[in-house]
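Here are a few friendly notes to read alongside the model.

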Amino acid sequence: MSNITVCARFRPLSSKERRDHGDAVCIQYVDSETFIFKDEKAEELTFSFDRVFYDKSEQIDVYRHLAQPIVRDALNAVNGTIITFGQTGAGKTYSMEGPGVLECDAVKKGLLSRVVEGIFECTKSSDETSKYSIKLSMVEIYMEKVRDLFDLSRDNIQIKETKTQGIMLNGMMEMTIKDPQEALLTLSKGIANRAVGETQMNIASSRSHCVYMFTIQQESTKDKRARTGKLNLVDLAGSEKVEKTGAEGRVLEEAKTINKSLSALGNVINALTCGPMGRGNHIPYRDSKLTRILQDALGGNSRTALLCCCSPSPTNSSETLSTLRFGARAKHIKASPRVANEDRCIRELEVFTPIKRESRDKLLN
Ligand code: ADP
Ligand code: MG
């Protein structure tokens, strides 16, 4: 059993792709989990994922399959992470934010708005003995520096790890959120801040990773116990390869750093999927800020979902293939201790004492 849900999403052809290649696409529908991909040499490869979203799929389908179960678990103190991966222009931000988090188009709303609604619906429908407090933080990782999107002056946040709380971001702002409207307004401020910071530094959002973090604390008035679930949504930097020729100066440095952090993510996934004969004993979380921040999400008491965003056009087939391969590898991450504990034990999971790394690694290998 795999604890990571991997889905692929193909956006509609863009007008440029249509101009260049007409209606040609590099994929052929088989069913809701499988499709055939035609590479540049017209060779056919079959891919299967937990779900495939084709061009006509709706945002709500993506939410239901990818995020809803994770949101429900986060309300029960099981950490969760939802990641969008793919080349620039493939639909990562559209899937995450929709046309904008404050956009009220009910059909086009992205994962963020739906996650917010999901959290507050669950808290409302829970019994009276549970009291919830929801906090939101937003950071951006650019050139291996972590920047607080609620306070741009905090532009080099340090990551630390504690025995009781796992991975922590030192001094990061946490906004308390009381209702969905407040959550969406706060998110939109963070997103606007991202744009401001990027204009000041002259960078494009596709060159940085953005991490949205919800912390859901539940206090039981009955037994006075408090439990915390963390839910991360991660809009990754574009995964495209930058031409070796042509890129220079900062563009080249950016590309190298992005490649480094995305390869680090790939390496962590590989290490987690390796059997005892492989290099599975050491999981190289420390190789990048991204993998360090996601450490608890990828290997610990956590559920993870990966959305591989792709263009359907033959123009982009080589980038699409590498995105699909990344997803196919991630699918093989082995069951984590959380899965071994199964849902029946969720209430007994000691969320303030994440499983020790050594025992966790032993379980994973
Ligand atoms: P990325 O964040 O991966 O760089 P975007 O999410 O910004 O890419 O998407 C690029 C363009 O494609 C945007 O104009 C976006 O509105 C459009 N787009 C992406 N996915 C979809 C989709 N599923 N349906 C309609 N338009 C989409
Ligand atoms: Mg984007």
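1. A salt bridge here is a side-chain nitrogen of Lys or Arg within 4 Å of a carboxyl oxygen of Asp or Glu. With that rule, Arg154 forms a salt bridge with Asp151, their closest N and O atoms lying 2.7 Å apart. The structure holds 13 salt bridges.

2. Before going on, please keep in mind that this is a predicted model, where local features need pLDDT of at least 70, side-chain atom pairs count only at pLDDT 80 or more, and totals for chains, interfaces and linings use all residues. Residues are numbered from 1 along each chain as its sequence is written, chains are lettered from A and ligands numbered from 1 in the order in which they are written, and side-chain values use heavy atoms, leaving out hydrogens and water.

3. Do look at Glu140, which forms a salt bridge with Arg147 at 2.3 Å between the closest N and O atoms. Glu140 is buried at 1% relative accessible area (buried means under 20%, exposed over 50%, partly exposed in between, with a 1.4 Å probe and protein chains only). Arg147 is buried as well, at 8%. Salt bridges with shared partners join Glu140, Arg147 and Arg194 into one network.

4. Three strands form an open antiparallel sheet in the order β2-β3-β4 (strands are DSSP runs of E, at least two residues, numbered from the N terminus; two strands pair if DSSP finds at least two bridges between them). The edge strands are β2 (27-29) and β4 (44-48). Strand β3 (residues 34-38) pairs with β4 over five bridges, and Phe37 has Leu45 in β4 as its bridge partner.

Key. Helices (H or I, at least four residues) and strands (E, at least two) are DSSP runs, numbered from the N terminus.
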